[in-house]
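Please keep the sequence and the model in view while reading.

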Amino acid sequence: MEAGGEHFWYLFDIFNFWALIVLVIVVVWLFYNSLRFRSKDGSDNNIDNFTPGVFPKENDDLRMELTWTIVPFILIVYLTYIAWGPIDEMWTADPDAHEINITGNQWYWDFDCDPLRDTEDAPESSVAMENRSSTMFYNDNGILICEITTIEVEGQIKPLLRVKADESYGFILRSNDVTHAPFFLDWGLKEDTSQNVETRLYYTPSMDEIGSSLLMCTEYCGMDHGYMTAVVEVYE
Amino acid sequence: MFNSMKNPRTLAILAILLLAVAVAPSAQSYPTGISGAQDAGCSCHGQTASSEVVPSLEGLPDELEAGATYTLNISFTGGPSFAENTNPSALGGFHLWVSAGILTPVDDMVQTNSDGSVTHTGTDKADSGQGNDQRLWQVEWTAPMDGGAKFILHTNSVNGDETSGGDLWGRLTADVGPQPVEQASGLTVLASAILLMVVITLGCVAWVFYRQDPDAFAWERFWPWFSDFITSTDHKKVGTLYMVNGLFFLGVGGLFALIFRVQLASPGNDFLTQDEYNQFFTMHGTTMIFLAAMPMIAGFANWIVPLQIGAQDLALPRLNALAFWLNPAAALLIFSGIFSGQGADTGWTGYAPYVVSNTAHSGVTLWVAGQILLVASSTISGINFMTTFCTMRAPGMGWMHMPLFSWSMLIATLMLFISIPAFGIGLIQVLLDRTIGTVFYEASAGGDPLLWSHLFWYFGHPEVYVVVLPAFGVISEVLSTSARRTIFGYKSMVFALAGIGIVGFIVYGHHMFTSGMSPVLRFVTMLTTMLVAVPTGIKIFNWLQTMHGGSLVYRTHTLWALGFLATFTLGGISGMYFPAVAMDIHLHETYFVVAHFHYVFVGGIVFGLYSGIYYWFPKATGRMMNEKIGILHFMTGFISYNLVFWPMHRLGIQGMPRRQHTYFITTDEYFALPAEAADWNMMITVAAFLFFASNLILVYNMISSGLRGKKAPNDPWGGWSMEWLVSSPPPTPSHDPSNLPELKFAEIHDDSEPGFFGRVIQWMMIPEDNGGEEE
């Protein structure tokens, strides 16, 4: 398992590549200029005739300055272009996604596998009501889509959210008090939960992501912020 | 000062203050906060413990047997009650706490409290209801299965008038069995370290004074020297005060960091409690940005700007002193919470609604009040610098002839002006929410927590540029002078500064990609954040090209400037990872962010300012700094700095969240951080101590060189700008007002006539020929 999702690593590798090129240019240039054009004997060779109170003669070259305005600009345009593609990936609504409620509280997470269960909006679908409970949700074919149990993390009992690989999920995020943010470590996703705003995240865990990973709170929320954890398991 | 003390009005004010201090209610301060009656006693029987009442606790064993039950006899002597007293309500009562084991009452003279402690009851038949009707009680104590216990016993002796007047109480503590090893709390460590720093700072001040003239070291001479400093409106002295203030809090902020780095050295550590940890990282951020970086920038600006643009002083010297003296006042407010154990614990960003929730510490209110003072201070000093730039440039100095440090301060001041009102408004709203019950940010009452994030980051991101642009200015001066070359592309440098200043205002949304804000803002700020790399890149390449064809002289300030180029480039590059939303979603609130902004703040700002210290120290003190010690400082500082912050990139990518009391290593049950994360954290902690120590070298160098360094000439490095015209240290007024220097030119400049911008400013100003009076 590796922290960060597919889009993260795709962009990360490209950005690293260009970052390395820029860095090498700067460092080589820095060392070359600072060693090649140093004062060999340490004495003060006043090349541009600096005199206190006299604005020195000009030192510029419009072509060079334009070069390092335009070339970085092109690189920026390219990087923006490739980063543009997945910009809304995690917020793009999938109407067929299984909805899971995540509610932040000081300082624990609440999960709800079947947010429609007790509401009037619950569709009169073929899903038998006995297949629904807030801690478990089966789809029409009787396949377990979502389950909530508990797990021990460093001696504390924490919630364990189990979701199925290759199924699309929509997480509806709320908070009962201050702002929190669940961080799906393995998927590289996070989004704030607010008290009076409903935020959402959409994700389809892949078969490569089967296994359990820690979910942490990544918006500072007070005393036990660092221990506000849960575990997310993706099963086959 | 002595003269003014003879003034009857001053004496009257002092007398009123003394009286107020004397009659103010006495307060006790505990490093962990007053944890209720256990520390402070019951005020129903007097404010503080009295030695007249002697409690006694009998029946504790010498050798503790695990799990055994002991009968304890509690009694007391002394105080207003006496054994033969026939008034049953004029005897006494008790309260007994134990740290381990269980206390059980034997009869109904004793009751158990909800916290497990036991106290007297009022059940005796002759009792009038007050319950203080006994002098002897019995309880049973069941020892814990392992370890010893600590008892705290309070007994009170009452005089029977059923009021608290005349009653007394006494305290007894007793230990039984093996005691846990005493461990200082994080707050105690911090308080001791800060106290030590205050003593050292004051010692340094006294030493500097002593060394000036060892034969005449006397209070009568010290006080006028010192009071001249603290009452001065001279830009140089205020600048020195700003620098001392900034360096002191740089040290304090560093101490915070060291203490919480100890906590993070290994996973699951409990060196600090969560409460302490949260306060410490909050105070670290607030201290470093508002009490260290900003004052140091202001210190440089105070010292250098008037000298550099050929002015006698700043335009508004008294406002300048006011702006400085708001800083220590704000610092006191900001820190006042932490020593009561209730310091601000919101993070320096103070996100709503946590900042207004009742789970946040009460110290947040004072922390907010202190920051409002700092907003006022920054605004006042900003007005001052703007006025100085507009009206007091030397004859012949057009806008496009100002040295780049002055330009950077001008742009920084403009940015501060446009951004800081938003922060001030937000702070005032928070203060009102916390004090008089408004609901700007109270989500349950319809307030909008995101509003705070918008206001804060609308200020917070430009604030980064406000502190980093002056560092850019310093680097421009240092590199140009050291390379003996005119700065490459002076105009594009100015335009790049202005470009950063403009674009820097519309990038702040990248702090909020995951906050649920408008997708439009998400998209726009992604573009602008990417774009801000272009002017920053221009500056870096111009600096590199400045050295071309030059004759670089290696001195300590040159080394720091070259080090800045490397580390700031790294910090700039890592900043490019955040506008890419898909990457930010993973990196947000992780150590990658911490690594990035420390590369900018330390590798950019602090390195730039260190370079500036070595560069202008001879001008300010008239003494050269020791180059050997300086190089030692650079080598140790540069290496240990990179060891601290480079591994944080890796930890962030691995998903270690910031602002967390601990971190979790992968187990068989779940995936979290890899095992190596613990090793990296340990290394960071060790390197952090080294980095802190390396900065002490700078302090030593400043003091020893300031006293014994070689005398500095007017222009030790061969710079061209006007601060090198005057003697070292500069006279007061800095440039002779009757004979201001005129800027000359090495070449004929086409733009010596005022351009469009210059004409607009001139048009706005009151013409001088009507004597400066308004029409």
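Helix α4 (residues 186–212) of chain B packs against helix α6 (residues 235–264) of chain B at an angle of about 155°, the axes being 10 Å apart. The axes are lines fitted to C-alpha atoms, for helices over the stretch in contact, and angles run from 0 to 180 degrees between N-to-C directions. α4(B) and α6(B) are therefore roughly antiparallel to each other, a term for angles over 145 degrees. The model is predicted, with local features needing pLDDT of at least 70 and side-chain atom pairs counting only at pLDDT 80 or more, whereas totals for chains, interfaces and linings use all residues. Residues are numbered from 1 along each chain as its sequence is written, and chains are lettered from A and ligands numbered from 1 in the order in which they are written.

Helices (H or I, at least four residues) and strands (E, at least two) are DSSP runs, numbered from the N terminus. On the α4(B) side, the residues that meet α6(B) include B:G186, B:V189 and B:L190, while those of α6(B) include B:F248, B:G251 and B:V252; contact here requires C-beta atoms, placed from the backbone, within 7 Å. By class, this contact has nine nonpolar, three polar and no charged residues, where Ala, Val, Leu, Ile, Met, Phe, Trp, Tyr, Cys and Pro count as nonpolar, Asp, Glu, Lys and Arg as charged, and the others, Gly among them, as polar.

In chain A, four strands form an open sheet of mixed pairing in the order β3-β2-β8-β11, and its edge strands are β3 (108–112) and β11 (199–203), each pairing on one side only. Two strands pair if DSSP finds at least two bridges between them. The twist averages 25° from one strand to the next.

| Strand | Partner | Sense | Bridges |
|---|---|---|---|
| β2 (residues 98–105) of chain A | β3(A) | antiparallel | five |
| β1 (residues 54–55) of chain A | β10(B) | parallel | two |

Within these pairings, A:N105 stands opposite A:Y108 in β3(A), and the bridge partner of A:V54 in β10(B) is B:K744.

The contact between the chains takes 91 residues from chain B and 90 residues from chain A. On the side of chain B that touches chain A, the largest share, eight residues, comes from α14(B), and the residues of that side divide into 51 nonpolar, 30 polar and 10 charged.

Notes:
Contact = placed C-beta atoms within 7 Å. Parallel < 35°, antiparallel > 145°, perpendicular 65-115°, else oblique.
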